[in-house]
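Visitor: Could you walk me through this model and explain the words you use for it?
Guide: Gladly; let us look at it together.
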Amino acid sequence: MKKYNLVVVGGGLTGVASAVSAAREGLSVLLVERSGGLGGALNNSLVYPFMPYTTKLKDGTKKYLSAGLFSEMRSKHDKYYVADNELHFITEYFKFALDEMVMESKVDVLFHAVLSGVNTNDSKINSVILTTKSGKMEIESDFFIDATGDGDLFYLAGCEYQLGRESDGFCQPMTTCFRVSGINEEVFYKDIKMMQEKYKEYKAEGRLSNPRENILMFAGIGDGVIHFNTTRVIKHNPVD
């Protein structure tokens, strides 16, 4: 059984940042990811674009609210593709950037591995059980970071948790992302105002059911490609 100083479960941006930061401080680190690439929802769920991460100071200068390792991720991405603004990116190139960071920092990465068990003793996690195509394996570590997004590690470790808001169990609405290609952008942008008006009209008539107040769309992915975000409200029933 191999032992690390740190095991990070979840290879999204937070998991990569945690693993890289610890490895640069001299720790032996294993980064566990259930899919075949780093980036989390950015990679697997078409999450796009980045929300604004800067603010303007009183003297007019721009201040980055997410700098440090995130700025490094952006810089590595921009070696492959320079977007039309800093909120846009190409997912495949961002995956390259994250791969570079973990390899340069000598982080061990285990893809296609699902956290399936946690071994604890006196409220301390001693090891985790990972299920892979090769079977189950147990990994020991001094420390663990839950970067799963769903809290899988602390749930399996027996920690208390709350799902959704206290009043009714509702969670943040899910966003369904999709992209349409082959768009005549000149005509599309000319007709945006009309489409937004039709959207509101159809909602008022009950022909559309969506909590969003408008059509949310983004460009910057490529010529003739538009990214759309739509929202659904789902009530989760906690499992006893």
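Visitor: What makes a residue of the protein chain count as buried, and what percentage do?
Guide: In this predicted model, a residue is called buried when its relative accessible area is under 20%.

Visitor: Why is the set with Val 16, Val 29, Leu 31 and Met 73 called a nonpolar core?
Guide: Because a nonpolar core is made of buried residues of types such as Val, Leu and Met, joined through side-chain atoms within 4.5 Å. This one is the largest, with 28 residues, and the four you name have the most contacts inside it. At least two residues each come from β1 (3-9), α1 (13-24), β2 (29-32), α3 (69-80) and α4 (91-104). With six residues, α1 supplies the largest share.

Visitor: Which other core is there?
Guide: A second, separate one has 14 residues, including Leu 30, Ala 113, Ile 139 and Phe 144. In soluble globular proteins, nonpolar side chains tend to be buried together.

Visitor: How do you know that Leu 31 is in contact with Val 102?
Guide: Contact requires heavy atoms within 4.5 Å, and Val 102 is among the contacts of Leu 31 beyond four places in sequence. Others include Val 8, Val 16, Ala 19, Leu 38 and Leu 110.

Visitor: Which side chains are counted as positive or negative, and how many are there of each?
Guide: Lys and Arg count as positive, Asp and Glu as negative. The protein chain has 27 positive and 31 negative side chains, and the centres of the two sets lie 3 Å apart.

Definitions and conventions
Residues are numbered from 1 along each chain as its sequence is written. This is a predicted model: local features need pLDDT of at least 70, side-chain atom pairs count only at pLDDT 80 or more; totals for chains, interfaces and linings use all residues. Side-chain values use heavy atoms; hydrogens and water are left out. The place of a charge is taken as NZ of Lys, CZ of Arg, CG of Asp or CD of Glu. Buried means under 20% relative accessible area, exposed over 50%, partly exposed in between (1.4 Å probe, protein chains only). Helices (H or I, at least four residues) and strands (E, at least two) are DSSP runs, numbered from the N terminus.
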